[in-house]
Amino acid sequence: MMTMKCPRCRRGNMYKDSNPFRKLKLSHIFNMHEHCPECDQRFDMYEPGFWYGTGYVSYALAVAVSATTFVAWLVLIGVSFRDNRVFYWLGVNTFLLIVLQPWMMRLSRVIYLYFFVKYDPNYKVNSPQKLHTD
Ligand SMILES: [Zn+2]
């Protein structure tokens, strides 16, 4: 999942350029293949608003990242009410969330699609999944 591969065959790349940071434009970050290059699974599921649900996924991701950095901060640096260390964490965490944004936006789509498309070891024989209309 972390390698942004197709959920069905786990081989084909979902994104045309594997580096989301190469160009910081939405059109580049979301530059996906329409179909999996390996198994022909369609990625947008025929529905124009299909990706709206990814907002919740990226929110959950942001919370998960924040929780992780907070625990790491707690262990490595420590948090106290007597000084400003917790605010440094807040700053570092905010910075990290901004920097990771392109990657998180992509990952949230990948995670979202994994809810809908099941892994199929016989993807070469079976036809791609159809989940909604058509
Ligand atoms: Zn595939």
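Leaving aside its neighbours within four places in sequence, which residues is Val-57 in contact with? They are Ser-108, Ile-111 and Tyr-112, where contact means that the C-beta atoms of two residues, placed from the backbone, lie within 7 Å.

A word on what you're looking at: this is a predicted model, where local features need pLDDT of at least 70, side-chain atom pairs count only at pLDDT 80 or more, and totals for chains, interfaces and linings use all residues. Numbering starts from 1 along each chain as its sequence is written.

Val-57 and Tyr-112 both sit in the largest nonpolar core, a set of eleven residues that also includes Cys-6, Phe-43 and Tyr-123. Such a core is made of buried Ala, Val, Leu, Ile, Met, Phe, Trp, Tyr and Cys residues joined through C-beta atoms within 7 Å.

Overall, the chain reads α-α-α, with three helices and zero strands; helices are DSSP runs of H or I, at least four residues, and strands are E runs of at least two, numbered from the N terminus.

Here are some values for the whole chain:

| Property | Value |
|---|---|
| Radius of gyration, over C-alpha atoms | 18 Å |
| C-alpha box along the principal axes | roughly 65 × 30 × 25 Å |

A compact globule of 134 residues would come out near 14 Å, by the rule of 2.2 Å times the number of residues to the power 0.38.

Leu-24 is exposed because it has 10 other C-beta atoms within 10 Å; the cut-offs are 12 or fewer for exposed, 20 or more for buried, and partly exposed in between.
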